[in-house]
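The sequence and structure come first.

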Amino acid sequence: GELREFQNKSSLDHAPSVMTKKNQSTSSLSSQIDLDETQEASSLARIEWHWYNYSKQKNYEPKGSSQRRLLIAQYTGWEDFYFRMTDISEKANRAYAKRHSFDYARMNGVAYGVQHMGAEATYNKIYILKLLRQTRDYDVVLLLDSDAVIINLEFNVLELLPPHILFTANKVVPKHPNSTWNVNAGVTLWNLRHAEFNAVLDSWEGRVLQKIARKGGVSDQAPLQMVLKQNYTHEERLQKGIVNALDTAHFEKASNLEKNEADTAGTNSNNNNNIVNNNNKTRIVTFVKHFIREGRDKPKRWNLPGAKYFRPNEDRIIKIRAEVELVCQTWARACDQENDNTATTTTT
């Protein structure tokens, strides 16, 4: 329902230049990006974008400003479990973009492979990065999975990405160094102007296309990890500033918190950091809460071939909705989005 309302309010006057060419109102993404023939043949026929140009908003006082142009982007398949999650998490994530005068975009559809259970939309991260490389409208992009919710609208995420770093992500193993290859790809912050950006992106896409061709299951994280591990030594990752791998201090995984803590984290708008105590250890939850699959809903191997990638769990929907409601109780003005201008574009 919400998506269809977006279409009724759409106006290309508000679309960023990434969706337009000179003397044209719209353009096809496939004409802007050189897509692999295999990818073009297997892509869904329809990809839809919803753009919110909060960087151009008037009569709104932004929380902060920066010379680096940032886009917040989410991505999902069509009418599936992840689509529903994005419908919910989008509100808080757009509220953050609105408060800081960053732009927000949502991509619906599957750019690589064919949609089965919706997991294939995880590859859209690469598609978005290629588009932004082509258009050069942004310097930084924050990519958020459907189950990731920004819970602190005071914090400036650009603080997590020093100019010499290619991208910031969460460590899979907290005790690993911050230059580790073993990172989670669900929440990533990319420096689009980094010297190694093209090399990492192209190698990542190449591995994904190989995985799709051999029907090796769905995973964008494993190919990215292999790029970091095999293309760069530990010393090179450190010297070239390839990755800033955080522990759970900033990109917090909700499953690491006790329920009562997860229900209250992020409600204090007067502090940049929200302190929680878990297993007698004090940790800081500062930015994103990621509602990852867990328990029976998390298979031993996410990237196994076949259609049954996961079991949809309504508890995740309930938790995400509750978290978004908490955010909007604290930052009600940013969550007032009924009259926000949007541009809807459809490509094939």
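## Packing of helix 5 and helix 6

The axes of helix 5 (residues 124-135) and helix 6 approach within 10 Å and cross at roughly 145 degrees. Axes here are lines fitted to C-alpha atoms, for helices over the stretch in contact, with angles from 0 to 180 degrees between N-to-C directions. The crossing of helix 5 and helix 6 is left-handed, a term used if the near helix is turned anticlockwise from the far one by less than a right angle, with right-handed used if clockwise. On the helix 5 side, Lys125, Ile126, Leu129, Lys130 and Arg133 meet Phe197, Asn198, Leu201, Asp202, Trp204, Glu205 and Val208 of helix 6; contact means heavy atoms within 4.5 Å. By class, 6 nonpolar, 1 polar and 5 charged residues form the contact of helix 5 with helix 6. Ala, Val, Leu, Ile, Met, Phe, Trp, Tyr, Cys and Pro count as nonpolar, Asp, Glu, Lys and Arg as charged, and the others, Gly among them, as polar.

## Basis of the values

The model is predicted: local features need pLDDT of at least 70 and side-chain atom pairs count only at pLDDT 80 or more, while totals for chains, interfaces and linings use all residues. Residues are numbered from 1 along each chain as its sequence is written, and side-chain values use heavy atoms, with hydrogens and water left out.

Buried residues (under 20% relative accessible area; exposed is over 50%, partly exposed in between; 1.4 Å probe, protein chains only) in helix 6 are Phe197, Val200, Leu201, Ser203, Trp204, Glu205, Val208 and Lys211. An α-helix has 3.6 residues a turn, so residues three or four places apart point the same way. Just after helix 6, lysine 215 takes a positive phi of about 55 degrees.

In helix 7 (residues 221-231), the buried residues are Pro223, Leu224, Gln225, Val227 and Leu228. Their cover includes strand 6, strand 7, helix 6 and helix 8 (234-239).

## Overall make-up and cores

The protein chain has 11 helices and 13 strands, taken as DSSP runs (helices H or I, at least four residues; strands E, at least two) numbered from the N terminus. Of its 348 residues, 57% are buried. Among contacts with a separation of 6 or more, 80% join residues 24 or more positions apart.

The largest nonpolar core has 43 residues, and Ile72, Ile150 and Phe287 have the most contacts inside it. Such a core is a set of buried Ala, Val, Leu, Ile, Met, Phe, Trp, Tyr and Cys residues joined through side-chain atoms within 4.5 Å. Elements that each supply at least two residues of this core include strand 2 (70-76), strand 7 (183-191) and helix 10 (314-330). Helix 4 gives the most, with 8 residues. Isoleucine 72 touches Asn93, Tyr96, Ala97, Asp103, Tyr104, Ala105, Leu142, Leu144 and Ile150, leaving aside residues up to four places away in sequence. A second, separate core of 42 residues includes Ala73, Tyr138, Leu143 and Trp204.

## Loop residues and positive phi

Isoleucine 151 lies in the loop between strand 5 and strand 6 (167-171). This residue is buried, at 0% relative accessible area, and its C-alpha atom is 8.3 Å from that of leucine 326, 175 residues away along the chain. Aspartate 247, in the loop between strand 8 (243-246) and strand 9 (251-253), is partly exposed because its relative accessibility is 37%. Aspartate 247 touches Asn170 and Lys171, not counting residues up to four places away in sequence. Asparagine 170 belongs to strand 6 and is buried, at 5% relative accessibility.

Two further non-glycine residues have positive phi. Glutamate 79, with phi near 50 degrees, sits in the loop between strand 2 and helix 4 and is exposed at 54% relative accessibility. Arginine 136, with phi of about 60 degrees, is in the loop between helix 5 and strand 4.
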